[in-house]
Amino acid sequence: MAARTQRIDRLAELTAARREEAEGRGVWREAFARMSRNPMAITGAAVVALFIVVAVLGDLIAPYGPTEQNWGDEVFPNRNVFVGPRAENWLGLDNLGRDQFSRMVIGARQTLMVGVVAAGLGFTAGALLGGVSGAAYALGGTAGRRVDAVLMRVVDMMLALPSLLLAVSIAALLGQGLVTVMIAVGTAQVPIFARLLRGAMIAQGSRDYVIAARALGARRRRIALVHILPNSMGPILVQLTLSLATAIIDAAALSYLGLGNPDPSVPEWGTMLADAQRFLSGAPQLAVYPALAIIVTALGFTLMGEALRESLDPRLRK
Amino acid sequence: MPAGPLLAVHDLAVTFTQRRRRDVRAVDGISFSLGEGSVVGLVGESGCGKSVTSLALMGLLPPRGVRVSGRALFRPGGGDAEVDLLSLPTRRMRDLRGSELAMVFQDPLSSLNPVVPIGRQVTEILVRHRGIKGAAARSAAAELLERVGIPDPGRRLSEYPHELSGGMRQRALIAMAVACRPRLMIADEPTTALDVTIQAQILELLKELVTEEGTALLMITHDLGVVAGLCDEINVLYAGRVVEGAPRHDLFAAPTHPYTSGLLGSIPRLNASPDDPLTPIRGTVNDAIDWADGCAFAPRCDNYAEDCLGGPPHMRAERTGHRFRCVHPVRGRAPESTAPESTAPDGGDR
């Protein structure tokens with residue numbers, strides 16, 4: 001009896017799958033459906049969601065203000081006296097007697113902002129560069145290839161510099177500050193997006209439907225924007241999620257190096273890590289918390305991006 | 001009526017060049033012409049230059065690594081003024097494409113943009129060439145889809161290519177091709193990707209459109225059965241050259257070039273006895289020799305003789321409009337009744 005029910009359930013499942021297939025879902029919807037069955041993707045998405053909620057609602061979650069030195073008389077870094085986790089301070093106190101948990105929560109906002117703006121900046125500039133380059137190569141004939149060659153050499157130069165070094169020099173050039181960090185981290189992302197989009201557009205440029213559109217007399221700008229570009233977005237959208245992880249790490253690294261936001265009243269994970277360094281022997285937990293937060297957040301974005309890439313890649317479909 | 005054909009191709013040659021590689025001459029001096037409203041077939045096996053010819057005429061060959069020579073005189077609008085499609089500036093060529101010249105491709109799925117709904121793809125050409133926009137363009141597109149036999153066109157407009165069947169997709173492509181009532185339509189193996197029943201429907205549709213609109217059709221195919229029911233005139237291609245050209249009836253009744261006769265001999269016939277073997281043409285296209293040295297078909301030919309290698313054979317024309325390029329043509333009225341020494345019906349290497 002049980003076997004029979006099972007068989008029927010399986011049958012219903014199969015017919016439903018067939019029906020969904022027949023209805024013809026879009027590539028993205030299908031990818032999403034596949035992702036929702038992937039435990040890696042769910043883990044990643046959960047981490048990312050938690051991170052975003054904490055970053056956005058930080059003020060409501062944090063029990064104390066990030067700069068309130070309520071317990072200044074309990075912590076004496078000089079005498080190696082620190083306060084670890086306890087009922088009123090879940091993660092203990094930092095070296096100035098501030099609530100570590102509240103600072104972590106508020107710090108998430110800075111990290112998210114820098115990450116999102118930097119990755120968005122890199123995405124936009126990279127897509128612009130790569131889009132122009134790819135369209136010129138695919139549709140522009142001999143002159144187009146020259147345009148592409150020039151643009152790509154610029155990108156190559158950006159790619160030749162290690163991204164952190166590039167970010168450091170930009171930060172040095174523009175001075176310390178949040179905007180600097182965003183620009184620096186974003187710039188480091190540009191060549192990746194440019195290369196990816198250009199490659200995808202060139203690949204699409206020789207596809208049959210592009211030739212067919214040309215056979216109908218379509219103008220080049222239209223072919224590039226309506227036909228080639230939408231079909232080339234997959235790889236860079238995946239890269240965007242992966243870039244968020246890199247941007248968060250890069251931003252933390254810049255703050256750690258002291259090139260981040262100079263305002264000490266605004267906690268940031270990278271800055272907290274740098275501050276904790278001095279008390280590593282007495283209070284290693286002060287370094288562990290922000291480090292763990294950075295790792296887990298970056299991992300969440302990476303897992304999500306990786307799963308997205310997998311679900312879009314027909315060769316990796318199971 | 002103005003004199004002269006709608007399209008006259010003279011000595012079209014296309015060579016692909018690559019660094020450190022030998023040049024490949026895909027099309028080696030093709031000449032043919034196409035009258036207003038007529039249907040002409042270009043027939044040949046894979047690699048004989050059919051598709052390259054069509055792309056060259058449309059100006060769709062890649063800009064680099066390709067050398068095109070010859071002339072393709074076309075009369076836009078059917079007027080007296082002639083333009084050479086092979087040397088026209090890109091901008092003017094782009095204006096002609098879609099409005100005066102149209103093309104239907106082999107694979108209807110890959111010829112449609114997968115992420116753009118059918119409706120937008122059809123209206124695209126209306127916006128581009130006829131300046132119709134918005135709701136007017138949408139209803140014009142629906143009309144076009146209805147015209148090519150797509151049921152419920154209003155709903156189809158918002159669907160994506162993968163939601164349509166193969167035949168439906170080819171119909172949509174044909175709708176796009178005929179949207180501006182072109183003078184000349186090039187169909188490059190339009191039925192190859194479709195199954196036999198749909199093939200017949202698509203051919204029927206093409207025939208109907210061509211007759212009604214007076215569009216000239218250049219039909220490119222490897223299938224003699226397709227041209228038999230459709231074309232007024234047929235050109236048979238081999239290794240980049242026309243080896244035989246004739247009005248349909250002449251060609252089927254009296255194939256003169258051994259290649260044509262071989263092609264006809266290799267078609268399965270319903271009324272043949274089941275024991276009769278098919279007579280294939282031996283060898284493959286790769287066995288061709290250079291036209292400069294002699295007849296490229298010589299290595300596969302049953303009529304081969306020494307003098308076949310005395311330079312490129314000339315095109316000989318008969319008064320009926322039948323022309324062929326052969327030193328030792330098949331003489332006879334039908335492949336079955338040819339003289340024994342000129343063809344070997346069972347001589348294929350089976």
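A salt bridge is a side-chain nitrogen of Lys or Arg within 4 Å of a carboxyl oxygen of Asp or Glu. Keep that in mind as you explore this predicted model.

**Stop 1**

Select B:Arg25 and B:Asp28. Their side chains form a salt bridge, with N and O 2.6 Å apart. Side chains of opposite charge can pair when their charged atoms come close. B:Arg25 is partly exposed, at 47% relative accessible area. B:Asp28 has a relative accessible area of 10%, so this residue counts as buried, the limit being under 20%.

**Stop 2**

Next, pick B:Glu159 and B:Arg156. Here too there is a salt bridge, and the closest N and O atoms are 2.6 Å apart. Are these two residues buried or exposed? Both B:Glu159 and B:Arg156 are buried.

**Stop 3: two helices tied together**

Move on to B:Glu213 and B:Arg147, whose side chains meet in a salt bridge of 2.9 Å, N to O. Colour the helices to see where they sit: B:Glu213 belongs to helix α7 (residues 196-213) of chain B and B:Arg147 to helix α4 (residues 134-147) of chain B, so the pair links parts 66 residues apart in sequence. B:Glu213 is partly exposed at 28% relative accessibility, and B:Arg147 is partly exposed at 29%.

Together with B:Arg147 and B:Glu213, they are linked in a network of salt bridges.

**Stop 4: a positive patch**

Go back to the surface view and select A:Arg146, B:Arg19, B:Arg20 and B:Arg64. These residues gather in a surface patch of positive charge. Where in chain B is B:Arg19? Look in the loop between β1 (7-16) and β2 (24-34) of chain B. B:Arg19 has 73% relative accessibility, so this residue counts as exposed, the limit being over 50%.

**Stop 5: a nonpolar patch**

Finish on chain A. Select A:Ile52, A:Val53, A:Val56, A:Leu57, A:Leu60 and A:Ile61, which make a nonpolar surface patch of about 530 Å². Which helices supply at least two residues each? They are α3 (39-56) and α4 (58-61) of chain A. The most comes from α3(A), which gives three residues. Zoom in on A:Ile52, which is placed in helix α3 of chain A. A:Ile52 is partly exposed, with a relative accessible area of 36%.

Technical notes: Residues are numbered from 1 along each chain as its sequence is written. Chains are lettered from A and ligands numbered from 1 in the order in which they are written. This is a predicted model: local features need pLDDT of at least 70, side-chain atom pairs count only at pLDDT 80 or more; totals for chains, interfaces and linings use all residues. Side-chain values use heavy atoms; hydrogens and water are left out. Patches are made of residues with over 30% relative accessible area and no salt bridge: like charges are joined within 9 Å, nonpolar side chains (Val, Leu, Ile, Met, Phe, Trp, Tyr) within 5 Å. Accessible areas come from the Shrake-Rupley method with a 1.4 Å probe; for residues, only the protein chains shown count as cover. Lys and Arg count as positive and Asp and Glu as negative; His and the chain ends are not counted. The place of a charge is taken as NZ of Lys, CZ of Arg, CG of Asp or CD of Glu. Helices (H or I, at least four residues) and strands (E, at least two) are DSSP runs, numbered from the N terminus. Buried means under 20% relative accessible area, exposed over 50%, partly exposed in between (1.4 Å probe, protein chains only).
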